[in-house]
Amino acid sequence: MSSLCLPDHLTPLLMHVEPLLANADQYQLGNTVSVSVSESGVVDIKIEERQLSLIFNQAEADFSGFKILDQWYAPYPSVREMQVKVEQDSRVIVCGLPTEKGCVDIWHHNGEARAVYCHHAGAGEPQRAMLLCALALDYPLEDAVTLARAHARGYQSSHQDGHGEVSWPVSRELFPRPLTANHPEVDVLGWQSKEVAVEPFCATDAQQLALYPVVDTAEWVDRLLELGVKTTQLRIKNSQDPQLETQVQQIIAAGNQYQAQVFVNDYWQLAIKHQAYGVHLGQEDLETADLVAIQQAGLRIGLSTHGYYEILRAVEFSPSYIALGHIFPTTTKEMPSKPQGLNRLALYQKLIGDTFPTVAIGGIDLPRAEKVWRTGVSSVAVVRAITEASDPAMAVDAFNQLLVRPEFPDAINEKITDRIDAD
Ligand SMILES: Cc1ncc(COP(=O)(O)OP(=O)(O)O)c(N)n1
Ligand SMILES: Cc1ncsc1CCOP(=O)(O)O
Ligand SMILES: [Mg+2]
């Protein structure tokens, strides 16, 4: 159980908070949140042992919680000014900063500022309410800010259309776009981004993506390709492995021989040097990798994501697939985030739709794979379910039998989120 305690001047938000939390309960997106009102001037959120405090538009210098700025009076500060302010103060969250043609939300992430931008801000109270609900549901700050903007927009358009329903934002059109070098208005807005703009990456053959074993030796890759596996990845985490380059060369040759989609994890320079089919990069890898070089070399790219903002940011780079994880607890990799579960996965899949192939990863075994597949993902990536199987050939066979789509997948996909069971 988590709790959200509002100061009494924010009680008007309750009419938005309660239906949103009911929605989240229905979709089983997180722990139940109890809501209360107090006389303190701040919002208090408790999630297990963690506590967050937030204030809106108050200039208390010694307040150690999040300071949300969402009231703006002309002349507005520039986007660049607010970018610098957020870079310098990790506690400042800028919401709905007006610009000539829209509005920007800005927050702090690992010493930098990140932002999303959209042309219509939507409604103010629903935006605040979703920000607080999403934090209480233990979404990371960047997802809470992003969801809040999407909900503000969804709320406004549904009330204009006369439906008047409060619903969890699902469709891409409602979501703001991250400000990256690929955003067409990034320069006009004055946002300074570290990355360089990159052209879309080559596509994968989505039909061949279904089963995606991730393994740590070239020998495993060979063995899987012999079993007919059509997509796989070499993931060697020891960069000092003396056989690293040889193994990368081996899997590229094997992939060509079997006409399979063989990805190299992390080592994008080696992947370019030996002309691999593709590379897989995580969020940390993205900080240092040269995406333009990877794209220009004609390699495919798969990007790891762990929530709404990272998904939307990945979309900006037009990758060959988007990985969504981790879905269930895993012992293969130490994860800084919590498992997403099937219900959040289903919503991420709906957000991406069929614009990019998706790969679910993390703790997926054969019994869980069916429910994962029913969310509509294009692919299921597994480590232990293959490498620790008593009979890997039988495991590959069993996954292959499960991971097929009927002839008219759209008819199935429409109903996906209604049919997802609890994790
Ligand atoms: C298909 C797929 N999805 C996710 C990952 C994880 O990548 P990353 O976050 O960079 O972590 P490492 O695998 O490098 O430890 C992956 N490798 N493949
Ligand atoms: C590499 C990686 N990235 C996210 S979870 C994961 C490991 C998945 O391994 P397993 O299938 O054994 O849980
Ligand atoms: Mg990596």
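Helices (H or I, at least four residues) and strands (E, at least two) are DSSP runs, numbered from the N terminus. The structure is a predicted model, in which local features need pLDDT of at least 70 and side-chain atom pairs count only at pLDDT 80 or more, while totals for chains, interfaces and linings use all residues. Residues are numbered from 1 along each chain as its sequence is written, chains are lettered from A and ligands numbered from 1 in the order in which they are written, and side-chain values use heavy atoms, with hydrogens and water left out.

Several backbone features were found in loops. Gln28, in the loop between helix H1 (14–27) and strand E2 (33–38), has a positive phi of about 55° although it is not a glycine. At 42% relative accessibility Gln28 counts as partly exposed, where buried means under 20% relative accessible area, exposed over 50%, and partly exposed in between (1.4 Å probe, protein chains only). Glu48 is likewise a residue other than glycine with a positive phi, here near 50°; it is placed in the loop between strand E3 (43–47) and strand E4 (50–56), and with a relative accessibility of 52% Glu48 counts as exposed.

Two cis peptide bonds were also identified. One runs from Ala74 to Pro75, with omega near 0°, and Pro75 is located in the loop between strand E5 (66–69) and helix H2 (79–88). The other joins Gly325 to His326, with omega near -20°, and places His326 in the loop between E15 and helix H12 (341–352). The C-alpha atom of Arg153 is separated by 23 Å from that of Gly30, which is 123 residues away along the chain.

According to the unreviewed UniProt entry, residues 216–386 carry the annotation "domain: Thiamine phosphate synthase/TenI"; UniProt positions are given in the numbering used here, feature names are shortened, and annotations may be inferred rather than shown by experiment. Over residues 216–386 the chain is 44% helix and 18% strand, with the end C-alpha atoms 12 Å apart.

Ligand 1 is surrounded by 15 residues, of which Gln233, Arg235, Lys237, Asp285 and Ser304 are the closest; a residue is counted here if one of its heavy atoms lies within 4 Å of the molecule. Polar contacts (pairs of N or O atoms within 3.5 Å; within protein, one must be able to donate a hydrogen and the other to accept it, and residues adjacent in sequence count only if both atoms are side-chain atoms) were examined next. A polar side-chain atom of Gln233 lies 3.0 Å from a nitrogen atom of ligand 1, and one of Lys237 lies 2.6 Å from an oxygen atom of the ligand, whereas an N or O atom in the side chain of His280 is 3.4 Å from an oxygen atom of ligand 1. By class, the shell around ligand 1 has five nonpolar, five polar and five charged residues, where Ala, Val, Leu, Ile, Met, Phe, Trp, Tyr, Cys and Pro count as nonpolar, Asp, Glu, Lys and Arg as charged, and the others, Gly among them, as polar.

The magnesium ion (ligand 3) has Asp266 (OD) and Asp285 (OD) as its protein donors, at 2.1 to 2.2 Å; donors are N, O and S atoms within 2.8 Å of the metal (3.2 Å for Na, K and Ca), and water is not among the atoms, so sites may look incomplete. Because Asp266 lies in the loop between strand E12 (261–265) and helix H8 (268–273) and Asp285 in helix H9 (residues 283–288), the pair ties together parts that are 19 residues apart in sequence. Asp266 is buried, with a relative accessible area of 14%. The unreviewed UniProt entry annotates Asp266 and Asp285 as "binding site". These two span 20 residues in sequence, yet no two of their C-alpha atoms are more than 6.8 Å apart, so they gather at one spot.

The shell of ligand 2 includes Arg235, His326, Thr330, Gly363 and Arg384. An oxygen atom of ligand 2 is 2.6 Å from a side-chain N or O atom of Thr330, and a polar side-chain atom of Arg384 lies 2.6 Å from an oxygen atom of the ligand.
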